[in-house]
Protein chains: 2
Amino acid sequence: MQVKIKDVAKHAGVSVTTVSRVLNGEKYVKDDLKSRVNRAIEELGYAPSQIARSLVRKKTNLIGVIVPDLTSSFYSTILSSIEEMASANDYNLLVCNISEDIDKELKYLNVFQEMRVEGIIIMHEKINEPIRNFIHKIKIPVIFSSVKPMDQKFVSVIIDDYQASYEATKYLIELGHETIGFIGGDMRDITSGQNRYSGYRNAMTDAGTKLVFEHIRFGDYKVKSGYDQMKELLSVEHPPTAVFAVSDDMAVGAMNCIRDHNLRVPEDISVMGFDGSQLTELVRPTLTSMEQPIQQMGKVTMDVLLKQIAGETISMSDVVLEHRLVARESCRNRNEATRM
Amino acid sequence: MQVKIKDVAKHAGVSVTTVSRVLNGEKYVKDDLKSRVNRAIEELGYAPSQIARSLVRKKTNLIGVIVPDLTSSFYSTILSSIEEMASANDYNLLVCNISEDIDKELKYLNVFQEMRVEGIIIMHEKINEPIRNFIHKIKIPVIFSSVKPMDQKFVSVIIDDYQASYEATKYLIELGHETIGFIGGDMRDITSGQNRYSGYRNAMTDAGTKLVFEHIRFGDYKVKSGYDQMKELLSVEHPPTAVFAVSDDMAVGAMNCIRDHNLRVPEDISVMGFDGSQLTELVRPTLTSMEQPIQQMGKVTMDVLLKQIAGETISMSDVVLEHRLVARESCRNRNEATRM
């Protein structure tokens with residue numbers, strides 16, 4: 001039998017109201033009563049219902065998180081750091097994996113509302129009309145992590161994707177590559193699609209490097225699409241000497257495709273990734289990548305959201321974190337090669 | 001302003017009790033009243049509080065999940081399939097990442113109890129006394145996924161780790177390897193530690209293959225420990241010609257260590273993994289591995305748990321799923337080499 005609040009009251013010889021006041025940490029409860037109640041709670045093994053207390057306090061300590069793909073190393077690392085920060089602040093995560101199923105997302109947002117979550121974190125930018133309407137209507141703080149949707153009403157915790165992509169491309173140009181292939185993302189995505197493509201395109205034209213139509217491809221950020229797009233890049237008459245993929249997963253797919261075609265990375269083709277996920281260190285050659293501060297991104301997201309929940313007035317402008325190019329083994333310096 | 005149940009009642013011209021009866025799907029509510037209430041709900045955009053309904057129905061539709069490491073591809077894939085199955089059954093997941101922090105786990109289990117989760121899934125087997133006492137005391141169904149703790153009271157959804165490990169070792173022996181190194185797990189873990197080690201040991205002795213003390217090492221399932229333990233294996237006077245690591249992560253670490261010592265996989269040393277995670281296909285050479293049916297494991301776990309929640313009488317014996325050796329490129333056949 002579940003121990004009830006009235007059992008505690010009876011055992012302690014006090015009223016239910018007194019037990020309730022002790023549980024809610026109210027002032028002006030005599031120490032004597034307080035210790036009798038606490039002793040009774042311990043002796044009976046009473047666990048107060050969070051649900052019942054939520055109704056009184058209007059606090060659920062729940063955060064709803066929408067993840068596009070739990071099996072991606074990038075998202076699971078952000079999630080892991082969000083979880084750490086939430087736990088340290090006594091918040092619990094309702095985790096929803098949408099696998100790009102928009103209907104599932106809308107259903108989840110409804111659940112979040114019904115569960116009275118105190119905040120919502122969204123990690124993708126494919127926001128359609130019903131979802132847009134929903135998140136604008138609800139009175140729950142919403143924050144975007146690692147992405148920026150078309151809508152300006154919410155805070156995004158991101159890096160400067162345009163600048164990061166510009167610098168990654170410039171790095172390959174400075175290594176002496178004159179033909180640089182590009183494997184981009186979904187062009188409906190502003191941050192990871194459009195901005196990264198613009199960064200590549202402008203770095204190329206600013207350096208006077210020719211943009212080749214056949215060298216520009218788009219995937220879905222996953223390993224397989226990196227492989228498939230690389231296959232297309234290898235099938236053109238003059239394949240590029242370097243390839244920049246806008247996710248590490250696609251870059252690894254590209255590396256494997258190059259290898260499976262009996263070519264070498266980086267001797268024949270250099271490969272540059274984006275994200276700085278765990279994969280960069282796992283593959284051989286290790287992957288040069290434009291890194292996002294993944295751990296910090298999760299921490300800052302929770303930090304800003306907790307402030308919004310606490311009702312603090314925060315700036316509604318985006319939080320832009322630092323990116324960093326980490327050179328590893330997958331990119332060859334062609335200048336040195338020429339000098340040799 | 002939040003729309004309240006009394007606003008709905010007023011708008012529909014019925015009593016609060018009637019609205020409540022409609023919301024709870026009770027019988028014997030006249031169709032006419034039902035449609036008036038539903039119309040009012042729609043017109044006012046009323047979202048009934050899941051919290052309040054939980055109190056009435058004693059149903060929270062919440063499942064608590066304890067994950068040892070969200071950033072591991074193995075666990076995030078199981079979690080993703082648990083999530084899919086939960087969502088299809090209108091359950092939501094409270095996800096807790098413990099990172100081997102036992103205090104954090106106990107705190108989370110308390111939260112699960114207070115939140116009145118309907119079931120708990122645990123994915124590690126390091127169950128200490130306080131946790132054991134806790135899960136024995138609570139009246140909530142608990143199930144273990146991919147692991148089997150020392151305690152027999154709960155159902156585990158697992159593979160036959162002993163047999164799988166035995167077959168993996170036998171495969172290497174049949175490829176002509178006479179010295180087979182072993183990188184095991186935590187020997188306090190029954191399934192992934194002890195059983196996998198026994199499988200290796202018995203396959204070796206059954207085949208009359210010598211067990212070499214210096215060839216047996218233990219790690220923590222993660223990439224880095226596979227790398228570090230492999231380094232030790234390479235430093236002995238006669239390193240083994242094949243290495244069996246009991247997780248794919250450790251196997252990939254071992255492969256990288258071999259490569260960094262200017263040796264080749266599989267020409268110089270063959271490597272066998274365990275789990276069948278995404279990594280097996282990402283690395284080059286691709287990794288031969290003893291595969292667990294990861295997706296199915298998540299689905300079956302939720303399936304059994306949902307039956308327990310529904311109060312169905314289920315067999316308390318473990319659910320043992322099929323393992324499968326998937327041969328890829330990382331293991332060399334020495335018999336063929338000799339014949340050449």
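Select chains A and B together: about 4,400 Å² is buried between chain B and chain A, and carbon and sulfur atoms give 54% of that area. Buried area here is the accessible area (1.4 Å probe) that two parts lose on being put together, summed over both. The model is predicted, so local features need pLDDT of at least 70 and side-chain atom pairs count only at pLDDT 80 or more, while totals for chains, interfaces and linings use all residues. Residues are numbered from 1 along each chain as its sequence is written, chains are lettered from A and ligands numbered from 1 in the order in which they are written, and side-chain values use heavy atoms, with hydrogens and water left out.

**The interface**

Display next the residues in contact (heavy atoms within 4.5 Å): 48 come from chain B and 48 from chain A. Of the interface residues of chain B, 98% are also interface residues in chain A, so the copies meet through the same surface. Six salt bridges cross the interface of chain B and chain A, a salt bridge being a side-chain nitrogen of Lys or Arg within 4 Å of a carboxyl oxygen of Asp or Glu. To see one of them, select Glu83(A) and Lys104(B), whose closest N and O atoms are 3.0 Å apart.

**The domains of chain A**

Colour chain A by domain, using bounds from an automatic or database domain assignment: domain 1 (5-48), domain 2 (62-159 + 294-323) and domain 3 (161-291 + 325-339). The C-alpha centres of domain 1 and domain 2 of chain A lie 38 Å apart.

**The sheet of chain B**

Turn to chain B, where six strands form an open sheet of mixed pairing in the order β7-β6-β8-β9-β10-β12. β7 (216-218) and β12 (324-326) of chain B stand at the edges, each with a single partner strand, so one side of each has no neighbour in the sheet. Strands (E, at least two residues) are DSSP runs numbered from the N terminus, as are helices (H or I, at least four); two strands pair if DSSP finds at least two bridges between them.

Select β6 (residues 180-184) and β8 (residues 242-245) of chain B, which run parallel and are joined by four bridges. Gly181(B) has Val243(B) as its bridge partner in β8(B).
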